[in-house]
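Hi everyone, thanks for coming.

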Amino acid sequence: MQEMMKNRAKALLADGTVSRVIGWRRGEFSYDVTPAVFETAEELERDFVFDAFCGANVSKYLIRESAKDGGRILAFLKPCDAFSFNQLLAEHRVRRENVYLIGIPCAGKADIDRIKKAGIDGVLGIAEDGEDFVVSTVYGEERVKQADVLAERCLACKSKRHPVYDELLGEEGEDLPDDVRFAGVAKLETMTAEERFDFWRSELSKCIRCNACRNVCPACTCENCVFDNPDSGISQKTAADPFEENMYHIIRAFHVAGRCTDCGECSRVCPEHIPLHLLNRKFIKDIDELYGTYRAGEDDGTKNPLTSYTEGDAEASVVRERGRA
Amino acid sequence: MQVNENETFVPTIVAFCCNWCSYAGADLSGTNRLQYPSNIKIIRVPCSCRVNPMFILRAFQRGADGVILCGCHPGDCHYTTGNYYARRRMTLLFSMLDYLGIERGRTRVEWVSAAEGQKFAETMKSFAAEIAALGPNRRLEDLRCRK
């Protein structure tokens, strides 16, 4: 796959269709992969990688990149990135004419922490092989079941289909059932309020307010964020007590409610491993249940549930009634 | 939250009232000499839709034990559609608070028109009683803001 992508990118650079390419570049370690822009075939040859560690969603970078003059940019999008891109497009945040999209298939991305937990150290590289990952390490090759080391967001993948692309490499996939995706939320919902409170207390109290979840989120694209406002009282500092932790995460999730494409980047980048997508998914699940199924980034003509309404909407008391049932 | 000499709990309640219906409804209950609990602090907003989820969280931070949002009945909004949007937002916000384990009874939305002074007083009495029964807000408070 990596060679196919490299060759296609070089061909498009050579014939002048695009002037640069956004993809992934290896960092200090093989699993430490970051999005990067490549301008020449030499750079591509040297640094471009695509493997199971390339989990980063590059769609947010296209806001800045597509606003630049000087030719189109080629972007490789996994299905979840394509949903995020399509949502940005619907919000007029990217200039479509400046972007050339190649959809690439995704079988799920590996979570380095789970690989380490499985007892594999000194990771040098990773390759997919059927149901397994073959991990090369300084101690030799190790084989693990993909299901054991995939990122949580990938185990609950919502779709293998690209809602937007100019061309596809590989086969187009299909939507996946939602019940797996909402299993984590449903499990929390069956707990008592005390248990839920304790669960979130133990998770959110780990928050160091690094703002990584906000910075990486492809839906968080405001130029001026409420959390950067010094008058907000919660700007750029460690959450001082349980209230601020709750407040920050409720507001963060609320601001992307109805626009979150559930790409799971927030959980991926969290240095404290807080399952932040469970907050976003709760909003998605509620919206689906109360206002009809809505998929941000789908662009199928359905209106954003928070900027539309119907006269027969449920009253807010539905939350309490649901609890009594 | 405040505790008087007899150590009975008197909750602090914040009521966001829309300028056009509920605030006038509160006014009407006053001119009709209908009593409602004095621990309800009314904040006037131009429309129920003006209420940002942050307002509600901030009220809890600064010591509220319960927050109620009152607006025009659906269909009667002065700005035609504001309360419909507010209804969706508040439903999702309350659901999220519940998901985080905050007691369900602490938040409420009621539609009170300018003609419903009676309903305003009744709503506030029942809400105040419910919050008093729930006790002080401990799960969503800011320790630094405690008096």
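How much of chain B, out of its 147 residues, counts as buried? It comes to 56% of chain B. Keep in mind as I talk that this is a predicted model.

Let's stay with chain B for a bit. It has 4 helices and 6 strands. If you read along the sequence, the order is β-β-β-α-β-α-β-α-β-α.

Now, the overall dimensions. The C-alpha trace of chain B spans about 40 × 35 × 20 Å along its principal axes. Chain B has a radius of gyration of 15 Å, and that agrees with a compact globule, because a globule of 147 residues would come out near 15 Å. The contacts are worth a look too: take those in chain B with a separation of 6 or more, and 81% of them join residues 24 or more positions apart.

On to the inside. Here's the background for anyone new to this: in soluble globular proteins, nonpolar side chains tend to be buried together. In our model, the largest nonpolar core has 81 residues. Which part gives the largest share of this core? That's helix H3 of chain B, residues 82-99, with 8 residues. The residues with the most contacts inside the core are Ile13(B), Ala15(B), Cys18(B) and Met96(B).

Let's pick Ile13(B) and see who it touches, leaving aside neighbours within four places in sequence.

Last topic: two backbone angles. Thr80(B) has a phi near 75°, which is a positive value in a residue other than glycine. You'll find Thr80(B) in the loop between strand S5 (66-71) and H3 of chain B. Is Thr80(B) buried or exposed? Thr80(B) counts as exposed, because it has 9 C-beta neighbours inside 10 Å, and the cut-off for exposed is 12 or fewer.

Over in chain A, Arg209(A) also isn't glycine and has a positive phi, near 50°. Arg209(A) is in the loop between helix H10 (193-204) and helix H11 (212-216) of chain A. With 18 other C-beta atoms within 10 Å, Arg209(A) is partly exposed.

Notes. Residues are numbered from 1 along each chain as its sequence is written. Chains are lettered from A and ligands numbered from 1 in the order in which they are written. This is a predicted model: local features need pLDDT of at least 70, side-chain atom pairs count only at pLDDT 80 or more; totals for chains, interfaces and linings use all residues. A nonpolar core is a set of buried Ala, Val, Leu, Ile, Met, Phe, Trp, Tyr and Cys residues joined through C-beta atoms within 7 Å. A residue is buried if 20 or more other C-beta atoms lie within 10 Å of its own, exposed if 12 or fewer, and partly exposed in between; C-beta atoms are placed from the backbone. Two residues are in contact if their C-beta atoms, placed from the backbone, lie within 7 Å. The radius of gyration is taken over C-alpha atoms; the globule rule is 2.2 Å times the number of residues to the power 0.38.
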